[in-house]
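Reader: I would like to go through some labels and the numbers behind them. Can we take them one at a time?

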Amino acid sequence: MSIIFIFRYLFKGSITCYRSSAVRRGLHLKACQPRPAMNNITDIHYGPLPADSPYVKPFRFHYTQNGKQKSWDLLKVHDSVSIVIFNVTRKKLVFVKQFRPAVYHGIISGDGVEPGSIDMKKYPPELAVTMELCAGIIDKPISTIEIAREEVLEECGYDIPVERIEEIIRYRSGVGTSGAEQTLFYAEVTDEDKIATAGGGVDDEIIDVVEYDLEEARKLTDKGTVITSPPSFLFGLLWFLTNRAPKN
């Protein structure tokens, strides 16, 4: 039986005015809404994965190699985009933070903890708040660069045309389980591109936008650093520091 991790989010928090074009889903948020608290999480439990999940489809891949029959358990997931965003007005890299159930599960299961016996003081949700590049899945029939433009607006609140977004490289992620393709883009933004009422995600997404100056960003790659971020974040950051970071 396939298993998924289920969380209940309680939308409590301060009032923040924001709006997103929500172009990917064709929705519009109201100008002012309660801003949910990212770490207000309760009622953690497991459940079976629905067969009609639009995000993850597990299956077994059979093949013959050198005359020997083999099999491999895989996941069909969406391809995706990620974007390195640099605010040239203030010389800051723009990242996002969000709670990731998979990371939380990895932490507690690694310690042998099961749902129903989680000490939330020992394992606070903050442990699974990751820092990432602005990113999103490819779930509609438009170009990857258009998907990237939408994500920059929806998650980070910068409204820029596709002409200012540069495709850098395509690579495969999760090569042991999914082999999905991710396309890395680079975009330079200014304070004038910022839509004050946009950003933070759409629908029930809870995303915080954070900014790092170059010195702070370089420290994230120091030897011995332990960071709750995916490899794509570190790759994109190193690419920027190597190829596009201002020299002075």
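Author: Start with a pair of charged side chains. This is a predicted model. In it, Glu-150 and Lys-140 form a salt bridge, with their closest N and O atoms 3.8 Å apart.

Reader: What makes the pair of Glu-150 and Lys-140 a salt bridge?

Author: The cut-off is 4 Å between a Lys or Arg side-chain nitrogen and an Asp or Glu carboxyl oxygen. The closest N and O atoms here are 3.8 Å apart, so the pair qualifies. The two residues are ten apart, with Glu-150 in helix H2 (residues 144–156) and Lys-140 in the loop between strand E10 (134–137) and H2.

Reader: Are Glu-150 and Lys-140 buried or partly exposed?

Author: Buried means under 20% relative accessible area. Glu-150 has 5%, so Glu-150 is buried. Lys-140 has 22%, so Lys-140 is partly exposed.

Reader: How do you know that Glu-146 and Arg-149 are separated by about one helical turn?

Author: Both lie in helix H2, three residues apart. An α-helix has 3.6 residues a turn, so residues three or four places apart point the same way. The side chains of Glu-146 and Arg-149 meet in a salt bridge at 3.5 Å, N to O. Arg-149 has a relative accessible area of 18%, under 20%, so Arg-149 is buried. Glu-146, at 29%, is partly exposed.

Reader: Why is Glu-215 called exposed?

Author: Exposed means over 50%. Glu-215 has a relative accessible area of 54%, so Glu-215 passes. Glu-215 forms a salt bridge with Lys-219, the closest N and O atoms being 3.9 Å apart. Both lie in helix H3, four residues apart.

Reader: How many salt bridges does a search of the whole structure find?

Author: The search finds 13.

Reader: How do you know that the length of H4 agrees with its 13 residues?

Author: The expected span is 1.5 Å times one less than the number of residues. For H4 that is 18 Å, and the end C-alpha atoms are 18 Å apart, so the two agree.

Reader: Which residues have the most contacts inside the largest nonpolar core?

Author: They are Leu-93, Phe-95, Leu-237 and Phe-240, in a core of 20 residues. H4 gives the most to this core, with five residues. Leu-237 is in contact with Leu-93 and Phe-95, among others.

Definitions and conventions
Residues are numbered from 1 along each chain as its sequence is written. This is a predicted model: local features need pLDDT of at least 70, side-chain atom pairs count only at pLDDT 80 or more; totals for chains, interfaces and linings use all residues. Side-chain values use heavy atoms; hydrogens and water are left out. A nonpolar core is a set of buried Ala, Val, Leu, Ile, Met, Phe, Trp, Tyr and Cys residues joined through side-chain atoms within 4.5 Å. Buried means under 20% relative accessible area, exposed over 50%, partly exposed in between (1.4 Å probe, protein chains only). Contact means heavy atoms within 4.5 Å.
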